[in-house]
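Me: I'd like to learn how to read a fold from its coordinates. Could you take me through one?

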Amino acid sequence: MSAEDTRKVAELIKGERFGFLTTIAPGGKLTSRPMTLQEVEFDGDLWFYAERGSHPVAHIAAQPQVNVGIGSGGTWVSLTGHARVVDDLAKKKELWNGGVEAWFPNGPEDPDVVLVKVEGDSAEYWDSPGGRLATAFSFVKAKATGERIDAGENEKVDL
């Protein structure tokens, strides 16, 4: 992925607090759950905290291919990549914040607390300048004119 593509994806997810992490459960079933995005400068990787014995951690250990969906308003990003569990105390301390403490009150030293690092392979994004209102207007216009809706920008990029 070019630096420009990475910057565009970073711009679209900046300030977002949650992502839907989709993992592959035993038997091949896709399973999604909301996870809190950790505030780091996006460089192709996303970081989450998780409990060592949780389903996402078990799924990642068995099948590291994941997807993370992020978005709100008129902007959406679907990032595909590989996840791995990171048990690094220094990194846990670096990313630690008050929001994480609400979920893991024993702090970053708790052996049950691990990080999940998603290394992005590719991303697809949809960006509707003006958000919901502009999208709604485009929908009404498309219905009235019989033309295809102008839903904004949609691109696939390699990370």
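This is a predicted model: local features need pLDDT of at least 70, side-chain atom pairs count only at pLDDT 80 or more; totals for chains, interfaces and linings use all residues.

Me: Fine. How many helices and strands does the protein chain have, and in what order do they run?

Reply: Helices (H or I, at least four residues) and strands (E, at least two) are DSSP runs, numbered from the N terminus. Here you get five helices and seven strands, in the order α-β-β-β-α-β-β-α-α-β-α-β from the N terminus. Among contacts (heavy atoms within 4.5 Å) between residues at least 6 apart in sequence, 66% join residues at least 24 apart.

Me: What share of the 159 residues is buried?

Reply: Buried means under 20% relative accessible area, exposed over 50%, and partly exposed in between, with a 1.4 Å probe and protein chains only. Buried residues make up 40% of the 159.

Me: And how do I read a nonpolar core?

Reply: In soluble globular proteins, nonpolar side chains tend to be buried together. A nonpolar core is a set of buried Ala, Val, Leu, Ile, Met, Phe, Trp, Tyr and Cys residues joined through side-chain atoms within 4.5 Å. The largest one in this chain has 25 residues, and Leu46, Phe48, Val116 and Val118 touch the most other members. Helix 1 (3–13), strand 3 (45–51), helix 2 (55–62), strand 4 (65–72), strand 5 (75–86) and strand 6 (113–127) each give two or more residues to this core. Strand 6 gives the most, with five residues. Apart from this core lies another, of nine residues, among them Tyr49, Val86, Trp96 and Val113.

Me: What does phenylalanine 48 touch?

Reply: Not counting residues up to four places away in sequence, its contacts include Met35, Leu37, Val68, Val114 and Val116.

Me: Which residues of helix 2 are buried, and where do they sit around the axis?

Reply: An α-helix has 3.6 residues a turn, so residues three or four places apart point the same way. In helix 2 the buried residues are Pro56, Val57, His59 and Ile60. They cover an arc of only 165° around the axis (taken from the directions from the helix axis to the C-beta atoms), which puts them on the same side of helix 2. The face turned away from that side carries the exposed residues His55, Ala61 and Ala62. The buried residues of helix 2 pack against several strands, including strand 3 and strand 6.

Me: Now a hairpin. How do strand 1 and strand 2 run, and how many bridges join them?

Reply: Two strands pair if DSSP finds at least two bridges between them. Strand 1 and strand 2 run antiparallel, joined by seven bridges; threonine 23, for instance, has threonine 31 as its bridge partner in strand 2. Five residues separate the two strands of this hairpin, and glycine 27 in the turn has a positive phi of about 90°.

Me: Is lysine 92 buried or exposed?

Reply: Lysine 92, in helix 3 (residues 89–95), counts as buried because its relative accessibility is 3%. Beyond its neighbours within four places in sequence, lysine 92 is in contact with residues including Tyr49, Asp87 and Asp110.

Me: Where is aspartate 112?

Reply: In the loop between helix 4 (98–103) and strand 6. At 41% relative accessibility, aspartate 112 counts as partly exposed.

How values were computed
Residues are numbered from 1 along each chain as its sequence is written. Side-chain values use heavy atoms; hydrogens and water are left out.
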